[in-house]
Amino acid sequence: MAIRLHFWGADQTVTGSSHHIECAGQNVLLDCGLFQGKRQQAVEINSHLALTPEQLKAGVLNAVVVSHAHIDHTGCLPLLSKQGYTGPVYTTPATIDLCIPMLKDSAHIQEGDAEFMQRRQSRRKSIHMPEGPPPIQPLYTQDDAAAVCALMKPVKLHTPTIVAGNKDAGFTMASWNAGHMLGSTCVLMEGTEEGQTVRLLFSGDVGRKNLPIIKDPDQAPAADYLIMESTYGDRLHAPAGDVKAKVAALVKKVIGRGGHIIVPAFAVERTQQLVLMLHELIQEKLLPEFPIFVDSPLASAVTDVFKKHTEDWDEGACAFYNRGQDAFGWNRLRFTQTVQESKALNDLRVPFMVMSASGMCEAGRILHHLRNGIEDPRNLVLLTGYQAENTLGRKIEEGQKEVNIFGEPMQVRAEVDSIDALSGHADQQELLDWMAPVAPTLKKVFLVHGEPAAQQVLKGKIEERYKLEVICPKRGDRFEIA
Ligand SMILES: [Zn+2]
């Protein structure tokens with residue numbers, strides 16, 4: 001017997017997580033994420049799922065298992081239902097509640113971007129300018145997003161659930177808290193056939209100890225094979241203590257020169273640590289009061305999901321929350337819901353901070369804020385998460401002097417800085433430590449969700465410390481594990 005692995009996303013890159021596994025004639029997809037990068041390449045990659053529309057319509061795919069709600073792990077789920085999938089999607093209750101507004105928003109962003117590009121195209125035509133690239137069709141609509149959310153089935157942590165076939169021939173899953181974001185998990189898939197079982201552990205995104213609000217990662221369960229992320233495989237995060245001082249100094253400087261702080265980030269969740277930090281700095285009178293806007297139509301929905309899922313909070317968060325009305329600084333945030341409110345920020349002449357999606361500056365309202373603010377040297381673009389290759393965020397992070405926003409060249413005159421330590425991703429040492437309890441039984445490790453340079457460094461470290469074989473698959477690679 002064997003499990004057949006088919007790698008289909010986040011292979012030698014960090015977005016588009018998707019792995020197809022098969023055992024005893026049962027097919028399961030682990031994650032179905034959106035690839036983010038160069039537009040044409042993204043369109044090409046995102047429109048081809050691991051299974052064809054014919055296979056999906058014929059019911060070849062038995063189940064989907066989702067590790068957590070980030071768009072690079074879930075953003076192609078609506079396409080799955082658009083192309084004919086009607087089976088179950090298993091994940092945690094918090095992930096389901098996050099996916100409902102997030103996938104709807106993702107569809108909305110794609111519809112909006114496609115429309116914007118089309119309008120631009122017609123304007124160019126009307127003044128006899130050369131036509132740009134052909135108009136982009138949205139990958140899926142808000143109806144497709146709603147359709148796939150209706151297929152989602154909640155699973156309890158640490159509890160085996162048969163997801164495809166039966167206990168003698170098929171897959172059983174069990175999930176553990178990954179400590180990466182609310183509801184995030186690593187997933188153990190047990191494939192059984194002919195009386196034999198192979199245990200495959202999928203790390204999802206590995207989180208970190210002491211992240212605010214959410215619980216620390218669980219100890220990883222025993223397994224025969226491991227598919228592990230490697231985002232920060234070649235880096236160590238700065239100690240958290242230094243970050244607060246850095247944030248204080250940066251913000252003070254920008255406020256002093258009357259600038260704006262533009263933070264590309266997913267609403268609330270990724271920046272929660274930043275908000276907490278600012279809240280503390282203002283309370284300690286190390287920073288003056290200043291407005292913090294969360295410019296996202298789904299921000300308040302996501303805040304409500306956070307408030308609802310106290311089962312995923314750590315003890316400190318529960319105690320902290322019970323002590324005060326605004327323990328996390330959420331009341332400091334001003335949510336902008338409509339496009340008009342969002343646009344009104346452009347005219348604001350006082351210093352402020354605005355957080356807006358997407359975190360890698362690929363889509364969404366952040367593009368409008370960057371277009372309005374990136375050429376002003378008083379402003380600061382503050383990156384708080386990992387910036388994938390070929391994304392606008394990476395170009396800004398690398399210090400390019402000119403970048404294209406909505407196809408127009410813009411001069412980067414604003415200050416640019418980034419804070420890795422706010423990341424929800426384990427760094428190299430934390431990844432090595434996370435896999436320590438699994439290592440003794442492992443036969444092989446597959447590294448995914450990392451760029452080649454980071455993967456090579458981490459591969460070397462794993463080989464050295466655990467004497468294990470490490471493979472960095474490419475998209476489309478197939479393996480048999482037994
Ligand atoms: Zn993630």
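Biologist: Which loop holds Glu 194?

Modeller: Glu 194 sits in the loop between strand S9 (185–193) and strand S10 (196–202). Strands are DSSP runs of E with at least two residues, helices are runs of H or I with at least four, and both are numbered from the N terminus. This is a predicted model, in which local features need pLDDT of at least 70, side-chain atom pairs count only at pLDDT 80 or more, and totals for chains, interfaces and linings use all residues.

Biologist: Why is Glu 194 called exposed?

Modeller: Its relative accessible area is 65%. Exposed means over 50%, buried means under 20%, and partly exposed lies in between (1.4 Å probe, protein chains only). Glu 194 is therefore exposed. Its phi is positive, about 50°, although Glu 194 is not a glycine.

Biologist: What makes S9 and S10 a pair of strands?

Modeller: Two strands pair if DSSP finds at least two bridges between them. S9 and S10 have seven, in the antiparallel sense. They pass the test, therefore, and count as a pair. Within that pair, Met 189 stands opposite Leu 200 of S10. The two strands form a hairpin with two residues between them, and Glu 194 is in the turn.

Biologist: What joins S8 to S9?

Modeller: Eight bridges do, and these strands run antiparallel. Thr 172 has Glu 190 as its bridge partner in S9. S7 and strand S8 (residues 170–177) are also antiparallel, over four bridges. There, Gly 165 has Gly 170 of S8 as its bridge partner.

Biologist: What makes S7 and S21 edge strands?

Modeller: Seven strands form an open sheet in the order S7-S8-S9-S10-S11-S20-S21, with mixed pairing. Strand S7 (161–165) and strand S21 (470–471) each pair on one side only, and they are the edges.

Biologist: How do you know that S9 is largely enclosed?

Modeller: Eight of its nine residues are buried, so the rest of the structure largely encloses S9. Strand S2 (residues 18–23) is another case: six of its six residues are buried, so S2 too is largely enclosed.

Biologist: Which way do the residues of S2 point?

Modeller: In a regular strand, side chains alternate between the two faces of the sheet. Ser 18, His 20 and Glu 22 point one way from S2, while His 19, Ile 21 and Cys 23 point the other way. All of these are buried.

Biologist: Which strand do five bridges join to S2 in antiparallel fashion?

Modeller: Strand S1 (residues 3–9) is joined to S2 in that way. Leu 5 has Ile 21 as its bridge partner in S2. S2 also pairs with strand S3 (residues 26–30), again antiparallel and over five bridges. His 19 has Leu 30 as its bridge partner in S3. Two residues lie between the strands in the S2 and S3 hairpin, where Ala 24 takes a positive phi near 50°.

Biologist: How do you know that Cys 149 is in no disulfide?

Modeller: A disulfide is a pair of cysteine sulfur atoms within 2.5 Å. A search of the whole structure finds zero disulfides. For Cys 149, the nearest cysteine sulfur is that of Cys 99, 5.9 Å away. For Cys 361, the nearest cysteine sulfur is that of Cys 76, at 20 Å, and Cys 361 is in no disulfide either.

Biologist: Why is Cys 361 called buried?

Modeller: Its relative accessible area is 1%, so Cys 361 counts as buried. Cys 361 is found in the loop between strand S15 (352–356) and H12. It has a positive phi of about 60°, although it is not a glycine. Cys 149 is buried as well, at 12%.

Biologist: What does Gln 455 touch?

Modeller: Contact means heavy atoms within 4.5 Å. Leaving out residues up to four places away in sequence, Gln 455 touches Gln 12, Ser 230, Leu 447, Val 448, His 449, Gly 450 and Cys 472. Gln 455 belongs to helix H15 (residues 452–466). Its relative accessible area is 1%, so Gln 455 is buried.

Key:
Residues numbered from 1 in each chain as written. Heavy atoms only, no water.
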